[in-house]
Amino acid sequence: MVKREIFDFANQHKSALIFAAGFATAVVGKKILESKVVKDTATDCVAGVMALKQDAEDRVSEIKEDAEAQLEEEDDEKKLIEVEDEEEEKPKKSKK
């Protein structure tokens with residue numbers, strides 16, 4: 001009998017109960033978000049992401065420097081090969 005009365009009451013006042021449930025959820029959510037544990041956890045997460053970003057930037061910079069050095073070495077090798085080819089192509093003067 002009591003269950004039926006509660007069900008009928010809830011059925012008649014759905015909007016008010018939904019509003020009250022939403023309000024209670026907002027109050028509890030606010031308390032949780034304002035807690036020190038959540039703040040510390042969020043701060044640690046942001047710091048971790050920033051550290052990962054910095055590490056990634058450092059690695060990209062290192063890779064870029066290595067690639068530039070490798071390109072310079074290849075250019076130097078090409079220049080050396082071109083110089084050797086030019087020397088081979090020059091006809092040698094024969095002594096008469």
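Mentor: Two conventions apply: residues are numbered from 1 along each chain as its sequence is written. In this predicted model, local features need pLDDT of at least 70, side-chain atom pairs count only at pLDDT 80 or more, totals for chains, interfaces and linings use all residues, and side-chain values use heavy atoms, with hydrogens and water left out.

Trainee: Which helix has the highest mean pLDDT?

Mentor: pLDDT is the predictor's confidence in each residue, from 0 to 100. The protein averages 87, and 84% of the residues score at least 70. Among the elements, helix α1 (residues 2-12) has the lowest mean, 84. The highest mean, 93, belongs to helix α2 (residues 14-34).

Trainee: What pattern does the protein follow along the sequence?

Mentor: Helices (H or I, at least four residues) and strands (E, at least two) are DSSP runs, numbered from the N terminus. The protein has three helices and zero strands. Read along the sequence, the pattern is α-α-α.

Trainee: What percentage of the 96 residues counts as buried?

Mentor: Buried means under 20% relative accessible area, exposed over 50%, and partly exposed in between (1.4 Å probe, protein chains only). The protein exposes about 9,600 Å², with areas from the Shrake-Rupley method with a 1.4 Å probe, where for residues only the protein chains shown count as cover. Carbon and sulfur atoms supply 61% of that surface. Of the 96 residues, the share that counts as buried is 0%.

Trainee: How many salt bridges does a search of the whole structure find?

Mentor: Side chains of opposite charge can pair when their charged atoms come close. A salt bridge is a side-chain nitrogen of Lys or Arg within 4 Å of a carboxyl oxygen of Asp or Glu. By that criterion, the number found in the whole structure is four.

Trainee: How far apart are the closest N and O atoms of Lys 30 and Glu 34?

Mentor: Lys 30 and Glu 34 are four residues apart in helix α2, so about one helical turn separates them. Both residues are exposed. In their salt bridge, the closest N and O atoms are separated by 3.7 Å.

Trainee: Which residue pairs with Arg 59?

Mentor: Arg 59 is exposed at 52% relative accessibility. The side chains meet in a salt bridge at 3.7 Å, N to O, and the partner is Asp 55.

Trainee: What accessible area do Phe 19, Phe 23 and Val 27 have together?

Mentor: Patches are made of residues with over 30% relative accessible area and no salt bridge; like charges are joined within 9 Å, and nonpolar side chains (Val, Leu, Ile, Met, Phe, Trp, Tyr) within 5 Å. Phe 23 is found in helix α2 and is exposed, with a relative accessible area of 55%. Together, the three residues form a nonpolar surface patch of about 340 Å².
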